[in-house]
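Please examine the structure shown below. The questions that follow are meant for a reader who is meeting it for the first time.

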Protein chains: 2
Amino acid sequence: MTQHSASPVHPFRLLLGAGPSNVHPRVLQAMTAPLLGHLDPHFLSVMDETRGLLRHVFQTENAVTLPISGTGTAGMEASMVNILEPGDACVVAVNGYFGQRLSEIAERSGANVVQVPHETGKPADPDRVRDAVVKAGNVKAVGVVHAETSTGAGTPLKDIADVAHEAGALLVVDAVTSLGGVELRVDEWGVDVCYSCTQKCVGAPPGLAPLTLSPRAMDALQSRKSKVQSFYLDLTELSSYWDRRAYHHTAPISMIFALREALRLIAEEGLEARWERHERNASAFRAGLTAMGLDVVADAEARLPSLTAILSPDGVDEAQARRHLLDRHGIEVSGGLGPLAGKAWRVGLMGHNSTRANVLTSLGALEDALGEQGYETQAGAGVAAAQRAYLGAD
Amino acid sequence: MTQHSASPVHPFRLLLGAGPSNVHPRVLQAMTAPLLGHLDPHFLSVMDETRGLLRHVFQTENAVTLPISGTGTAGMEASMVNILEPGDACVVAVNGYFGQRLSEIAERSGANVVQVPHETGKPADPDRVRDAVVKAGNVKAVGVVHAETSTGAGTPLKDIADVAHEAGALLVVDAVTSLGGVELRVDEWGVDVCYSCTQKCVGAPPGLAPLTLSPRAMDALQSRKSKVQSFYLDLTELSSYWDRRAYHHTAPISMIFALREALRLIAEEGLEARWERHERNASAFRAGLTAMGLDVVADAEARLPSLTAILSPDGVDEAQARRHLLDRHGIEVSGGLGPLAGKAWRVGLMGHNSTRANVLTSLGALEDALGEQGYETQAGAGVAAAQRAYLGAD
């Protein structure tokens, strides 16, 4: 080992897209802890603490609650491949890009998937899901996205859980853009399988997928006729490691240190206070958008506290505006996905980044980016409206 | 956000087991860099640099060379599920626990798997693999473990590559305990699919699985009749992200910062110098073991530079010795796996941890742990023999 050159430093970005979001310095610091072995007694206590904190953030008592060693999409895949066997019927409410992905992954598990399509920006409709479930018959699982990252629409889960349970099916919920920032009560609402990611409202870097499985879901897993097609994501094996320390794969130690620290920050803040913080900031942000004459994709009653998809106005090039925000303001926002590609921005105010300062900063920067393309708003109107919303709300 | 309590600090461990190993401080430091978006121009340049450095460490020109967003087992699964389709024939040389796992994962891909069993501690035998390939007929892939982490035996790859290619099959190689520490030449030796992990000789924390695919393997992937059963590990999708920046999943940003830094350290040291360092330290370590009257599991001509499995002598409780090493010396070594459970220790001298200081420290600690159970060696004999080996070798 010879020269030890320093790494070039990249610019600081304010990450206000669909994730990753910036994280608290304590979370970055946690990853510098010296490594431990995955069976070290000290690491086992880190696992126990992490699992307890995950149960809190999911609002569940589920024994099987753990982080999958992959990103949110790995959590989605783990949920489907463990529950579904070839030939099983599965109904998926598709109200955006990630509902579509959930359906695709269920199909690759060998299931017969019935999609329930929805218009862009709408929440999933329990009545239409019920019709599909009744028509399909003998449905093993119903899949729904709690917070659709592509449109910013949230779906209430209680009614859809009832639909699934009336039919004897399991409810699988994507909580990628809700966990830790949007009200979510796994046990009270009757969610059977719920997965998320770490880089959005949870407040850690990307790389893990928190997941929880109800006892009913565990029964379905244990009474499978065929092996789970993925060895890596086999929850029987993974829960053996988390329960009985049986070796399965080497846990991503540093990422678990980061997740634990992020979860501790949530517990310190208080989960309900955190949901309220996300709601307060999103509400002020939307007030600013309205004052600037901008339209939001999601239906008024379905707008998420974590992520807002904004329609780019006629005559404005959305990609050029994003480049302007990145180059001139150091702010990342995301473009549209699927049918919204080229037509929308997605702004996330998630976890550590859901702050009043970021609301005001992003509205000001957006005004500048739009003005650069000749879309004029009354100077400072967005920021002023957001300020008024805070004064009214505080 | 209220009180910001500091995390309790866990003890420093010298990680001399089967991995994770300790990493260079620059690698831990790299993870504290502020997050970037997975499509940020600066992150794209990090990806390009990482991919170039991965090609160097694999000794390949393969276009498809990237880190899978999961641990080594995810790399194993990605290799098999992308190459194999239901009904394909696959031959796996099983000379330890991880050959067995490779076979299990191939089976879960729907392939018809023929195992070629070997005695514990032996390298895979090309002649026996050829017999199985010829007998099976129309074999799609031959799987072999380059460095068996359960026994410490290494298998030369060139002859097995010839066996696979004579039959028109692809060679899939597990390089989990060799990449970055043991001579490996993917292109020159004709390896078609090769995967590894980050937490052993590569010198980063666990969480990623470097993987490379030859053009022949890419052809096989592109001419599949069925979809890859895993969406998360679908290499067509993953290579689109690494090549054309098409969104697939949010890359684990901080882990990729860590991997890049670890790969830079390899390039600074020089790959061949690093292989030689691993060989020199393992050789001195083995000289110390011999002087202490201890037997090694692997055949003499097959012993790995990265990991040594040591038979625990009669009358010595291997678990008690490991606890003594951990509690009194802060040193982690691993126990045996599979048929070696309760009968062996596995000592890794990998990456940043393959040093003369660690060889001498671990031999001294082992003498103490054995002495505590009444297994007496001539005082200091192991350390002295290792010192002599260094003097002879330097």
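Q: In which loop of chain A is the place of A:Pro20?
A: This is a predicted model, and in it a cis peptide bond joins A:Gly19 and A:Pro20, with omega at about 5°. As for its place in chain A, A:Pro20 is in the loop between strand S1 (14-15) and H1.

Q: Which residue of chain B does a cis peptide bond join to B:Gly19?
A: The residue in question lies in the loop between strand S1 (14-15) and helix H1 (25-30) of chain B. The cis bond has an omega of about 5°, and the residue that it joins to B:Gly19 is B:Pro20.

Q: Is A:Gln199 buried or exposed?
A: A:Gln199 is placed in the loop between strand S9 (193-195) and strand S10 (209-213) of chain A. Leaving aside neighbours within four places in sequence, its contacts include A:Gly19, A:Pro20 and, from chain B, B:Thr250. Residues under 20% relative accessible area count as buried. With a relative accessible area of 3%, A:Gln199 is therefore buried.

Q: How are the two copies, chain A and chain B, related?
A: Chain A is superposed on chain B by a rotation of 180° with 0.0 Å of shift along its axis, and the RMSD is 0.0 Å. The copies are thus related as by a two-fold rotation axis.

Q: Which residue of chain A comes closest to the rotation axis?
A: The distance is taken at the C-alpha atom, and for the closest residue of chain A it is 2.6 Å. That residue is A:Gly70.

Q: Through what surface do the copies meet?
A: The contact takes 73 residues from chain A and 74 residues from chain B. Of the interface residues of chain A, 100% are also interface residues in chain B, so the copies meet through the same surface.

Q: How much area do chain A and chain B bury between them?
A: The size of an interface is often given as the accessible area lost when the parts come together. Here 58% of that area is on carbon and sulfur atoms, and chain A and chain B bury between them about 6,300 Å².

Q: Which helix gives the most residues to the side of chain A that touches chain B?
A: Between chain A and chain B, 22 residue pairs are in polar contact. On the chain A side, helix H1 (25-30), helix H2 (41-58), helix H3 (72-83), helix H4 (97-108) and helix H10 (253-269) each supply at least two residues. The helix that gives the most, with nine residues, is H10(A).

Q: How many salt bridges does the rule find across the interface of chain A and chain B?
A: Over all chains, the count of salt bridges comes to 49. One that involves both chains is formed by the side chains of A:Asp40 and B:Arg13, at 2.6 Å from N to O. Across the interface of chain A and chain B, the number found is six.

Q: Why does the pair of B:Lys227 and A:Glu104 join two chains?
A: In this salt bridge the closest N and O atoms are 3.0 Å apart. B:Lys227 lies in the loop between helix H8 (215-222) and helix H9 (235-244) of chain B and A:Glu104 in helix H4 of chain A, so the pair joins two chains. B:Lys227 is exposed at 54% relative accessibility, whereas A:Glu104, at 17%, is buried.

Q: In which helix do A:Arg130 and A:Asp127 both lie?
A: A:Arg130 and A:Asp127 form a salt bridge whose closest N and O atoms are 3.2 Å apart. A:Arg130 is partly exposed at 29%, and A:Asp127 is partly exposed at 46%. The two residues are three residues apart, about one turn of the helix, and that helix is H5 of chain A.

Q: With which residue does the side chain of A:Glu269 meet in a salt bridge?
A: A:Glu269 counts as buried, at 12% relative accessibility. The N to O distance is 2.6 Å, and the partner is A:Arg277.

Technical notes. Residues are numbered from 1 along each chain as its sequence is written. Chains are lettered from A and ligands numbered from 1 in the order in which they are written. This is a predicted model: local features need pLDDT of at least 70, side-chain atom pairs count only at pLDDT 80 or more; totals for chains, interfaces and linings use all residues. Side-chain values use heavy atoms; hydrogens and water are left out. Copies are superposed by least squares on the C-alpha atoms of residues with pLDDT of at least 70 in both. Contact means heavy atoms within 4.5 Å. Helices (H or I, at least four residues) and strands (E, at least two) are DSSP runs, numbered from the N terminus. Buried means under 20% relative accessible area, exposed over 50%, partly exposed in between (1.4 Å probe, protein chains only). Buried area is the accessible area (1.4 Å probe) that two parts lose on being put together, summed over both. A salt bridge is a side-chain nitrogen of Lys or Arg within 4 Å of a carboxyl oxygen of Asp or Glu. A polar contact is a pair of N or O atoms within 3.5 Å; within protein, one must be able to donate a hydrogen and the other to accept it, and residues adjacent in sequence count only if both atoms are side-chain atoms.
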